[in-house]
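Subject: Structure for your review

Dear colleague,

Please find below the structure that I am handing over to you. My notes on what was found in it follow directly after.

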Amino acid sequence: MNIEELRTHCLSVKGATESFPFGSFGANSILVFKVMDKMFAYIDLTPKDLVFRVWMKCDPERAVHLREKYNGVIPYGRTTVAKAWNGVELESDVPDRLIQELVSHSADEVIKSLPKKKQEAYRQL
């Protein structure tokens, strides 16, 4: 999967928006995808190692399974909150279909974490 295919799929998520919210901090190459004003995926468009990775929210148990199965899935960090995020290398052993499914899963995880009123507002979109 390339960056444009990823972008198209992220924007196909109901209510998805894209932005560069970190521009004032000098990180204006971070493209962020949000749903209901909450981030569900982001990608650095100018990675130092030239490996494009999309970072997405993921159920922690599923995240562990994915990291064990695919070399192209990497952990975000060591904290409990970070364990709910995975990095997925776009040109790796991770199939495109799985990346697409993980984008949807990430958006679903974000929606599940919203207050009930916001979840209902999302359903009405």
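How many aromatic pairs does a search of the whole structure find? The search finds three aromatic pairs. Rings of Phe, Tyr and Trp (for Trp, its six-membered ring) are paired if their centres lie within 6.5 Å, and planes under 30 degrees apart count as stacked, over 60 as edge-to-face and the rest as tilted. One of the pairs joins Phe33 and Phe40, whose ring centres are 6.4 Å apart with the planes at 45°, so this pair is tilted.

Before the details, a word on the basis of these values. This is a predicted model, in which local features need pLDDT of at least 70 and side-chain atom pairs count only at pLDDT 80 or more, while totals for chains, interfaces and linings use all residues. Residues are numbered from 1 along each chain as its sequence is written, and side-chain values use heavy atoms, with hydrogens and water left out.

Overall fold

The protein comprises four helices and six strands; helices (H or I, at least four residues) and strands (E, at least two) are DSSP runs, numbered from the N terminus. Read from the N terminus, the order of the elements is α-β-β-β-β-α-β-β-α-α. For 125 residues, a compact globule would have a radius of gyration near 14 Å, and the protein agrees with this at 14 Å. That radius is taken over C-alpha atoms, and the globule rule is 2.2 Å times the number of residues to the power 0.38. Along the principal axes, the C-alpha atoms fill a box of roughly 40 × 35 × 30 Å.

Of the 125 residues, 40% count as buried, where buried means under 20% relative accessible area, exposed over 50%, and partly exposed in between (1.4 Å probe, protein chains only). The protein exposes about 7,500 Å², of which carbon and sulfur atoms supply 53%; the areas come from the Shrake-Rupley method with a 1.4 Å probe, and for residues only the protein chains shown count as cover. Among contacts with a separation of 6 or more, 49% involve residues 24 or more positions apart, a contact being heavy atoms within 4.5 Å.

As to charge, the mean positions of the 18 positive and 17 negative charges are 8 Å apart. Lys and Arg count as positive and Asp and Glu as negative, whereas His and the chain ends are not counted; each charge is placed at NZ of Lys, CZ of Arg, CG of Asp or CD of Glu.

Aromatic residues

Tyr42 and Trp85 form a tilted pair, with 6.2 Å from centre to centre and 50° between the planes. Tyr42 lies in strand β3 (residues 38-44) and Trp85 in strand β6 (residues 85-89), so the pair ties together parts that are 43 residues apart in sequence. Tyr42 is buried at 14% relative accessibility, as is Trp85 at 12%. Ring pairs link Tyr42, Trp55 and Trp85 into a cluster.

Met39, also in strand β3, is partly exposed at 27% relative accessibility. Residues up to four places away in sequence aside, Met39 touches Val32, Phe33, Lys34, Trp85 and Val110. Its C-alpha atom is separated by 9.4 Å from that of Glu18, 21 residues away along the chain.

Loops

Met36 sits in the loop between β2 (30-35) and β3 and has a positive phi of about 55° although it is not a glycine. Beyond its neighbours within four places in sequence, Met36 is in contact with Ile111, Leu114, Lys118, Ala121, Tyr122 and Leu125. Met36 and Ser113 are 77 residues apart in sequence and 11 Å apart in space, C-alpha to C-alpha.

Leu114 belongs to the loop between α3 (96-112) and α4 (116-123) and is buried at 6% relative accessibility. With neighbours within four places in sequence left aside, Leu114 is in contact with Met36, Lys38 and Gln119. The C-alpha atoms of Leu114 and Phe40 are separated by 12 Å, at 74 residues apart along the chain.

Leu50, in the loop between β3 and β4 (53-57), has a positive phi of about 65° and is not a glycine. Leu50 is exposed, with a relative accessible area of 69%.

With kind regards
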